Amino acid sequence: ALALPFAGAAMAQPAPAAATAAPVALVAGEVKKIDKEAGKMTIKHAPLANLDMPAMTMVFRVKDPAMLEKVKVGDKINFAADRVNGAITVTQLDVAK
């Protein structure tokens with residue numbers, strides 16, 4: 001009988017962790033500038049709830065330099081950003097259809 005509560009707790013444990021680690025919602029933005037050498041892009045974006053940041057235009061690092069090859073200035077994008085080693089970094093990027 002003691003094993004059941006532990007099993008139940010163990011089963012319940014991953015769910016909240018998964019919810020916290022779930023991908024953040026993608027935010028709409030527009031590419032304003034691309035700096036391939038520095039691995040950065042400037043994005044005019046909607047509020048970033050996960051970073052508690054209002055809508056603004058700012059420079060982001062990119063997690064993968066290949067992301068910069070997918071976009072051009074003026075592209076409408078949907079992206080996710082997070083703090084990576086202290087720098088606000090684009091972690092996911094899709095060109096809006």
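Colleague: Which residue in β5 stands opposite Phe-79?

Modeller: This is a predicted model, in which local features need pLDDT of at least 70 and side-chain atom pairs count only at pLDDT 80 or more, while totals for chains, interfaces and linings use all residues. Residues are numbered from 1 along each chain as its sequence is written, and side-chain values use heavy atoms, with hydrogens and water left out. Strands here are DSSP E runs of at least two residues and helices are H or I runs of at least four, numbered from the N terminus. The residue in β5 opposite Phe-79 is Leu-93.

Colleague: How many bridges join β4 to β5?

Modeller: Two strands count as paired if DSSP finds at least two bridges between them. β4 and β5 (residues 87-95) run antiparallel, and they form a hairpin with two residues between them. In the turn, Asn-85 has a positive phi of about 50°. The bridges joining β4 to β5 number eight.

Colleague: In what order do the strands close into a barrel?

Modeller: The protein has two helices and five strands, and from the N terminus on its elements run α-α-β-β-β-β-β. The pairing in the barrel is mixed: β1 and β4 pair in the antiparallel sense over four bridges, whereas β3 and β5 run parallel and are joined by two bridges. The order of the five strands in the barrel is β1-β2-β3-β5-β4.

Colleague: By what angle are neighbouring strands of this sheet turned against each other on average?

Modeller: The axes are lines fitted to C-alpha atoms, for helices over the stretch in contact, and angles run from 0 to 180 degrees between N-to-C directions. For neighbouring strands of this sheet, direction is ignored, and the average is 55°.

Colleague: Which geometry does the aromatic pair of Phe-60 and Phe-79 have: stacked or edge-to-face?

Modeller: Rings of Phe, Tyr and Trp (its six-membered ring) pair if their centres lie within 6.5 Å; planes under 30 degrees apart are stacked, over 60 edge-to-face, and the rest tilted. By this rule there is one aromatic pair, and Phe-60 and Phe-79 form a pair with 5.4 Å centre to centre and 75° between the planes. Phe-60 lies in strand β3 and Phe-79 in strand β4, so the pair ties together parts 19 residues apart in sequence. The geometry is edge-to-face.

Colleague: Is Phe-60 buried or exposed?

Modeller: Buried means under 20% relative accessible area, exposed over 50%, and partly exposed in between (1.4 Å probe, protein chains only). Phe-79 has 0% relative accessibility and counts as buried. Phe-60, at 0% relative accessibility, counts as buried.

Colleague: How far apart are the closest N and O atoms of Glu-30 and Lys-76?

Modeller: A salt bridge is a side-chain nitrogen of Lys or Arg within 4 Å of a carboxyl oxygen of Asp or Glu, and the structure holds four. The pair of Glu-30 in strand β1 (residues 27-35) and Lys-76 in strand β4 (residues 76-84) links parts of the chain 46 residues apart. Lys-76 is partly exposed, with a relative accessible area of 47%. The closest N and O atoms of Glu-30 and Lys-76 are 3.0 Å apart.

Colleague: Which residue forms a salt bridge with Lys-36?

Modeller: Lys-36 lies in the loop between β1 and β2 (40-45), and its partner in the loop between β3 (56-62) and β4, so the pair ties together parts 33 residues apart in sequence. Lys-36 is partly exposed at 49% relative accessibility. The partner, with its closest N and O atoms 3.4 Å apart from those of Lys-36, is Glu-69.

Colleague: With which residues is Leu-51 in contact, leaving aside its neighbours within four places in sequence?

Modeller: Leu-51 lies in the loop between β2 and β3 and counts as buried at 12% relative accessibility. The C-alpha atoms of Leu-51 and Ala-81 are separated by 8.0 Å, with the two residues 30 apart along the chain. Taking contact as heavy atoms within 4.5 Å, the residues are Ala-81, Asp-82, Arg-83 and Ile-88.
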